[in-house]
Amino acid sequence: MTAVSRRAFLGVLGGAGLAATGCGGRAEVSGELLAGRLPLPRPFTVPLPVPEVTRPVRPGRYEVTQRVARVEIVPGTTTEVWGYDGAFPGPTFELRRGEPVTVAVRNELPVPTSTHLHGGVNPPDSDGYPTDLVVPAAYGSGHQGHDRHRHAETRHHLVKDYHYPLDQPAAMLWYHDHRMDHTAPQVWRGLAGMALVRDAEEDALPLPRGERELPLMICDRSFDEDGSFRYPDLHAGGHFGSDYMEGVEGEVILVNGAPWPVAEVTATRHRLRLLNASNARRYRLALTPGGRFTQIGSDAGLLAEPVAHDTIPIAPGERYDVVVDFSAYPVGSTVTLVNTLADGPARNIMRFVVARRAADDSAVPRTLTSPERRPSAVTTRRFDFRRTDAAWTINGSSYRPGVPLARPRLGTSEIWRLTSDFHHPVHVHLAHFQVVARNGRSPLASDGGWKDTVDVRPYEVVDVLVRFAGHRGRYMLHCHNLEHEDMAMMADFEVI
Ligand code: C2O
Ligand code: CU
């Protein structure tokens, strides 16, 4: 679409959409589009899948096997995925606050892995440190991997028990591969899934539930002519002079692993648990032909009060917990979830068909959680995310495992000032934070609540108040653009 026709088109969506998109375009794009070689699937024909909820083998213990599988993603063709239990997305975990679980991960893939429960207040040895590897079961314990770097830190397991205390509020977490230098291609091949933590406080709210609560993992992929996932070799030639240094964007948008799916809904409120699991793509979510999202939660839990948005920016790693009221649309009509940052086919994400009326006893209460007093910070630290020559760095350095850039004390809070030269979705392991300022001004309307990932945009200064709770030990912060992450835009910190 030309700029003029795009504006005219947006005009019918109302002023808010136009204003939000007016400053968009290339400046909002955070990666490089990778063209596929398979004809694009037709949008809104594949029914929305909802990943299966996995069951414990006995109370508190789950067993998951990472393996290769062939699945039909684009109708009429099959794709090899690397999946938790052979599924993409992996199975969904339904967990409860204060009920610890162990997840035993067995690796039957041809490569080492490390699994991170993103948003989890995890002990350090269960946090998916990039060199804490689960080696392929077939290779035996002597296997040293074929990592580009051999880190003194590297530890190997055949099956690893990850322990999650889950001493944290209800929230949507997700899990994904975190292997040193290889996270981006391994997540692209399918190693990601969702986890919902519930608690009594959330149970007591009259929010939509059951079929009216939809976890939606949004990501983009490109396909080769044989149906396989297409992904560039970023390490080719042993340097990072790649065309994809900025990050890889796919041309097909998947929700729960299906291309541009369609879901029938009743004309009632629905709770959408939105996750951006893309490697590099940012989205600005909107509803066509119009409508609002009522945000009830952020990455790490429920908001104190709901906030209405016409559009929601969502960067890789972030989650938004929203309610959409489909009774606002005529029965028989369609409502499309779109990304106003993209043009062409990738502008669409998925479609809802409002199939029929139904009773609705759900509500969005004015108060969702009792707001906690904001802790005061004991210090301010600065983390600068920047490209130097052919590397992505934090405070001028590529990742050095075992060299912490900060040693915060357990039980304290600090201001971390995040500065940036590009789009860097900054993720902090273990510690949740609140965005307190952007460029010295108030945060965005969509920045509210406790978070673990924040969308830091080009030349921004974002202040977050980070609370160190739960565990002492070695953790990391990094850019969640997975190509930047693999190009060593990571750093350790140690909670003491
Ligand atoms: Cu979701 Cu360290 O990552
Ligand atoms: Cu980045």
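Reader: How much space lies in the largest cavity?
Author: About 120 Å³. Keep in mind that this is a predicted model.

Reader: OK, and which residues line the largest cavity?
Author: Val64, Tyr84, Phe93, Leu95, Val101, Val103, Val105, Thr115, Leu117, Tyr162, Tyr164 and Tyr175. Two or more of the lining residues come from each of β4 (93-96), β5 (101-107), β6 (115-118) and β9 (159-164), and β5 gives the most, with three.

Reader: How does that lining divide into nonpolar, polar and charged?
Author: Eleven nonpolar, one polar and no charged.

Reader: How many cavities of 30 Å³ or more are there?
Author: The count comes to three.

Reader: Switching to pockets. What volume does the largest pocket have?
Author: About 740 Å³. The lining of this pocket has 32 residues, and Pro169, Ala300, Glu372, Trp450 and Arg467 lie nearest its centre.

Reader: Which strand gives the most to the pocket lining?
Author: β20, with six residues. That strand spans 301-309, and both it and β29 (432-438) supply at least two lining residues.

Reader: And the classes there?
Author: The pocket lining divides into 15 nonpolar, ten polar and seven charged residues.

Conventions. Residues numbered from 1 in each chain as written. Chains lettered and ligands numbered in written order. Predicted model: local features only at pLDDT ≥ 70, side-chain atom pairs only at ≥ 80, totals over all residues. Heavy atoms only, no water. 1 Å grid on protein atoms, 1.4 Å probe; cavity = no way out; pocket = protein on both sides within 12 Å on 5 of 7 lines; lining within 4 Å. Points joined across faces, edges and corners; volume = space filled by probe spheres on them. Helix = DSSP H or I, 4+ residues; strand = E, 2+ residues; numbered from the N terminus. Nonpolar A, V, L, I, M, F, W, Y, C, P; charged D, E, K, R; others polar.
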